[in-house]
Amino acid sequence: MTIKFSSLVTVALMGSASIAAAECADPIKVGVLHSLSGTMAISETTLKDTMELLIEEQNAAGGLLDCQIEAVVVDPASDWPLFAEKARELLTVQEVDVIFGSWTSVSRKSALPVLEELNGLMFYPVQYEGEESSRNVFYTGAAPNQQAIPATDYFLEELGVEKFALLGTDYVYPRTTNNILESYLQDNGIPAEDIFVNYTPFGHSDWATIVADVVALGEDGKQVGVISTINGDANIGFYKELAAAGISADDIPVVAFSVGEEELSGLDTSDLVGHLAAWNYFQSAESDLNDEWVAAWKAKMGEDRVTNDPMEAHYIGFNMWVNAVTEAGTTDVDAVREAMYGQEFPNLTGGTAVMLPNHHLAKPVLIGEITADGQFDIISQTEEVPGDAWTDFLPESAVLTSDWKDLGCGMYNTETETCVQLTSNY
């Protein structure tokens with residue numbers, strides 16, 4: 001079912017699962033680095049559950065390299081420095097072979113120095129701001145050109161938005177994404193005075209003033225749109241305040257980059273119908289593979305549990321890792337990294353994800369409208385878009401490229417033809 005594409009080669013090589021398990025002295029350890037408490041638990045707990053299901057399915061299909069796989073779960077508790085400590089614990093104490101984890105960019109950047117110091121390998125499953133390419137991370141979520149830019153184009157071209165409110169949680173992902181979008185909007189003729197930017201802390205709950213400021217943007221009759229990089233449980237208060245203010249999607253459409261099915265499952269969505277989200281996957285995607293995945297998820301977790309985009313990113317990343325390990329014949333990080341380049345695996349939305357030399361995927365971009373049942377009606381879907389580690393819309397980044405396969409560099413200056421640096425302390 002969900003693992004059939006990756007497990008066929010493995011099972012063919014191994015023979016029976018019972019013999020394989022008997023031959024393996026120690027399990028292959030997979031670290032799961034997701035917040036199970038704190039403000040990000042609303043989003044990350046589901047990703048821990050996803051990894052456990054994927055590992056269970058792979059073990060049922062015969063495991064990996066004659067071994068069963070063991071999930072080693074830790075809780076960094078939405079405490080960003082704790083992500084570094086827990087990553088170190090996973091790599092040095094638990095001696096995991098790979099880590100799947102993190103949600104916010106600040107938590108990822110906290111873990112990065114540890115991963116690079118110890119040559120650990122992490123798969124990061126969430127949309128992010130780009131401007132990074134570490135040899136120790138595979139980015140299976142969307143880069144800005146696979147989410148933020150297409151969503152902004154939809155506002156400009158399809159909805160005729162003339163004024164933009166860029167609302168975000170106060171950390172690196174929203175700030176960098178909005179820097180890119182401010183530049184992109186001005187390049188597309190939106191004057192700086194028609195772009196309102198606001199940041200709030202994690203867990204922010206008092207949205208009345210900010211929503212009032214957004215409404216005031218449209219007093220001159222111009223169409224206002226909100227681009228939301230609000231993360232975690234702060235979204236609940238934001239959408240409730242919109243509803244309380246009587247703001248519909250026809251009045252001021254919102255497109256969110258961090259709100260999916262999981263976040264909506266705790267809300268009355270009747271007042272949110274028509275607002276948008278941009279992702280690479282929605283549960284409502286129509287494909288046989290997605291039907292199988294959703295059915296397996298609900299059979300394991302309960303009928304009320306929903307799927308979402310970062311789950312698909314873990315689904316793709318885990319299966320690519322399984323295939324790369326099988327190809328390399330080892331879980332050694334350097335060997336697996338080399339085997340990852342060019343890995344292909346089916347998207348749940350149709351088509352095929354491809355791992356690029358810049359450690360990003362080529363994936364389709366989807367825009368969905370919120371429906372009354374908390375799902376999304378997919379109104380736009382592209383072909384696979386190659387993820388770009390360095391944006392074309394900031395001058396200092398436009399000259400950079402990432403190619404770990406042939407250039408051995410994640411921050412290569414195409415003008416000077418030199419590798420700027422190898423570590424990710426930027």
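Helices here are DSSP runs of H or I with at least four residues, strands are E runs of at least two, and both are numbered from the N terminus. The model is predicted, so to speak of local features a pLDDT of at least 70 is needed and side-chain atom pairs count only at pLDDT 80 or more, while totals for chains, interfaces and linings use all residues. Residues are numbered from 1 along each chain as its sequence is written, and side-chain values use heavy atoms, with hydrogens and water left out.

**Helix α3**

- Most of α3 is covered, with 14 of its 20 residues buried; buried means under 20% relative accessible area, exposed means over 50%, and partly exposed is in between, using a 1.4 Å probe and protein chains only.

- In α9 (residues 234-244), the buried residues are A234, N235, F238, Y239 and L242.
- They cover an arc of only 125° around the axis, which puts them on the same side of α9; the arc is that of the directions from the helix axis to the C-beta atoms.
- Turned away from that buried side, the other face of α9 carries the exposed residues K240 and A244.
- The cover over the buried residues of α9 includes β6 (163-169), α8 (208-217), β8 (224-229) and β9 (254-256), where contact means heavy atoms within 4.5 Å.
- Just after α9 comes G246, with a positive phi of about 75°.
- Helix α13 (residues 333-340) has V333, V336, R337, A339 and M340 as its buried residues.
- Down the axis of α13, its buried residues fall within an arc of 165°, so they line one face of the helix.
- Among the elements covering the buried residues of α13 are β4 (122-124), β5 (137-139), α12 (309-328) and β12 (352-355).

- Y341 belongs to the loop between α13 and β11 (344-346), and it is buried, with a relative accessible area of 10%.
- Neighbours within four places in sequence aside, Y341 is in contact with F138, M355, L356, P357, H359, W404 and K405.
- From Y341 to V325 it is 16 residues in sequence and 12 Å in space, C-alpha to C-alpha.

- E131 is in the loop between β4 and β5, where its phi is near 60°, a positive value in a residue other than glycine.
- The relative accessible area of E131 is 13%, so it counts as buried.
- T176 lies in helix α7 (residues 172-187) and is buried at 16% relative accessibility.
- Leaving out neighbours within four places in sequence, T176 is in contact with E129 and E131.

**A77, another positive phi**

- Most residues other than glycine have a negative phi.
- A77 is a residue other than glycine with a positive phi, near 60°.
- It is found in the loop between β2 (69-74) and α4 (80-93), and A77 is partly exposed, with a relative accessible area of 28%.

- C24 is in the loop between α2 (17-23) and β1 (28-33), and at 16% relative accessibility C24 counts as buried.
- Not counting residues up to four places away in sequence, C24 touches D66 and C67.
- C24 and Q68 are 44 residues apart in sequence, yet 7.7 Å apart in space, C-alpha to C-alpha.
- A111 sits in helix α5 (residues 105-118) and is buried at 1% relative accessibility.
- With neighbours within four places in sequence set aside, the contacts of A111 are F83, A84 and A87.
- A111 and M122 are 11 residues apart in sequence and 9.3 Å apart in space, C-alpha to C-alpha.

**The largest pocket**

- The largest pocket holds about 160 Å³ of space.
- On a 1 Å grid over the protein atoms alone, a pocket is an open set of points where a 1.4 Å probe fits, with protein on both sides within 12 Å along at least five of seven lines.
- Grid points are joined across faces, edges and corners, and the volume is the space filled by probe spheres set on the points.
- Its lining consists of Y154, L159, Q223, A249, D250, P253, V273, G274, L276, E369 and I379, lining residues being those with an atom within 4 Å of a point.
- That lining divides into seven nonpolar, two polar and two charged residues; Ala, Val, Leu, Ile, Met, Phe, Trp, Tyr, Cys and Pro count as nonpolar, Asp, Glu, Lys and Arg as charged, and the others, Gly among them, as polar.
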